[in-house]
Amino acid sequence: MATTLFMGRKCCYVLCLIFIFFLQQTNGATVQVGGAVGWTNFDLATSGPPDYATWASTQSLTVGDTLVFTFPAQYHNVYSLPTEAAYGSCDQAVATELTDGTTGSYSWAPTKGGIYYFACFKLVEGQGTHCEMGQKVAIVVKDGVAAPTIAPVVAPIPAPILPPVAAPVPAPALVPISAPVPAPAPVTKTPAPAPVTKTPALAPASSVVPGSVVGVPVPAPTPHENAGVLSSVPAWTALFLLSALVVLGI
C-alpha cells in the first residue's frame with residue numbers, strides 16, 4: 001500500500017511539472033528589445049547608438065518567450081540575418097525582412113533554441129544603413145523552460161512489522177524449601193566373628209589301668225588260656241575276673 005501511494009504522488013508531481021511547462025510555453029515572458037530605449041539607431045541618453053550587445057548579455061530568453069520591437073512607425077524596420085558573418089558585415093542581401101515598420105511594432109516568438117540575429121536596414125543618406133550605424137542585436141534563446149530544482153523524494157519508510165507479543169509466562173510457584181536432612185552417620189561395619197573352630201569331641205575315656213601311662217594305648221589282652229573257663233561263668237563275674245587279671249598284670 002505504501003508503494004502504491006508513493007507511485008501516485010510521483011505521477012501527480014510529474015503531471016504538475018508538465019502542466020507548468022505548457023503554461024509557461026503559452027504564457028512566456030515578453031521582452032522589449034533595448035529595454036526603455038526600444039528599437040532605434042540613436043540613444044538620447046548617450047547621444048549615440050544604443051549598446052545592444054550589453055543589453056542582450058543581461059537577457060535570458062527561452063522558447064515560449066516573446067521578443068517585441070517597438071519604434072516610431074516608418075522610421076525603422078526589422079530584418080533577420082542567417083549567420084554571424086552576415087550579421088557582422090550587415091549583409092542585407094542575405095537578410096529576411098520581418099516587418100517594413102509601418103505599424104511601429106513587431107513581435108517575434110522563437111520556436112527553438114539558438115542564436116538569432118536582427119538588424120534595421122533603413123537607409124540614411126550619406127551614412128549608410130541603420131545596421132551599419134549599430135542598430136542590430138544578437139539574441140541567445142535557450143531550449144524549453146529551465147528545469148526546476150527537484151527536491152529528492154524520499155520513499156516513505158514502511159512501518160516495521162512488530163512480532164506478536166507472547167502472553168507473559170507466569171512465574172513458577174516456589175516450592176517451600178525444607179530443612180536439609182542431615183546425612184546419615186557412617187555405618188561402622190562390625191567385623192564378622194571369627195569362625196568357631198569346632199573342637200573335636202573327645203573320645204570317651206577308657207578305663208585307665210593302674211600302672212599304665214596315660215595316652216599310651218593299652219595292648220589288647222591276649223586270649224587267656226582260661227578263657228574257655230571264663231566263658232562259662234556269668235557275665236558280671238567274668239568282668240570282675242577280667243579286671244582283676246588286668247590289675248594283676250596277668
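Where does N77 lie? N77 lies in the loop between β3 and β4, where helices (H or I, at least four residues) and strands (E, at least two) are DSSP runs numbered from the N terminus. The model is a predicted one, in which local features need pLDDT of at least 70 and side-chain atom pairs count only at pLDDT 80 or more, while totals for chains, interfaces and linings use all residues. Residues are numbered from 1 along each chain as its sequence is written, and side-chain values use heavy atoms, with hydrogens and water left out.

At 6% relative accessibility, N77 counts as buried, a word that stands for under 20% relative accessible area, whereas exposed means over 50% and partly exposed lies in between (1.4 Å probe, protein chains only). The side chain of N77 reaches the backbone nitrogen of F121 at 2.8 Å. Leaving aside neighbours within four places in sequence, N77 is in contact (heavy atoms within 4.5 Å) with residues including W39, T99, A119 and F121.

The strands on either side of that loop can now be followed into their sheets. An open sheet with mixed pairing is formed by 3 strands in the order β1-β3-β6, where two strands pair if DSSP finds at least two bridges between them. Because β1 (30-32) and β6 each have a single partner strand, they stand at the edges, and one side of each is left without a neighbour in the sheet. Between β3 and β6, which run antiparallel, there are 4 bridges, and the bridge partner of F69 in β6 is Y106.

Another open sheet, also mixed in its pairing, has 5 strands in the order β2-β10-β7-β4-β5. Here β2 (61-62) and β5 (96-99) are at the edges with a single partner strand each, so one side of each lacks a neighbour in the sheet. β2 pairs with β10 (residues 136-142) in the parallel sense over 2 bridges, and L61 stands opposite V141 in β10.

A nonpolar core is a set of buried Ala, Val, Leu, Ile, Met, Phe, Trp, Tyr and Cys residues joined through side-chain atoms within 4.5 Å. The largest has 20 residues, and W39, L67, F69, F118, V137 and I139 have the most contacts inside it. A second, separate core of 10 residues includes L81, A86, C90 and A119.

Finally, the protein chain averages a pLDDT (the predictor's confidence in each residue, from 0 to 100) of 75, and 57% of the residues score at least 70. Over residues 205-216 pLDDT stays under 50. Where pLDDT is low, the predicted coordinates should not be read in detail.

Conventions. Polar contact = N/O pair within 3.5 Å; in protein donor to acceptor, adjacent residues only side chain to side chain.
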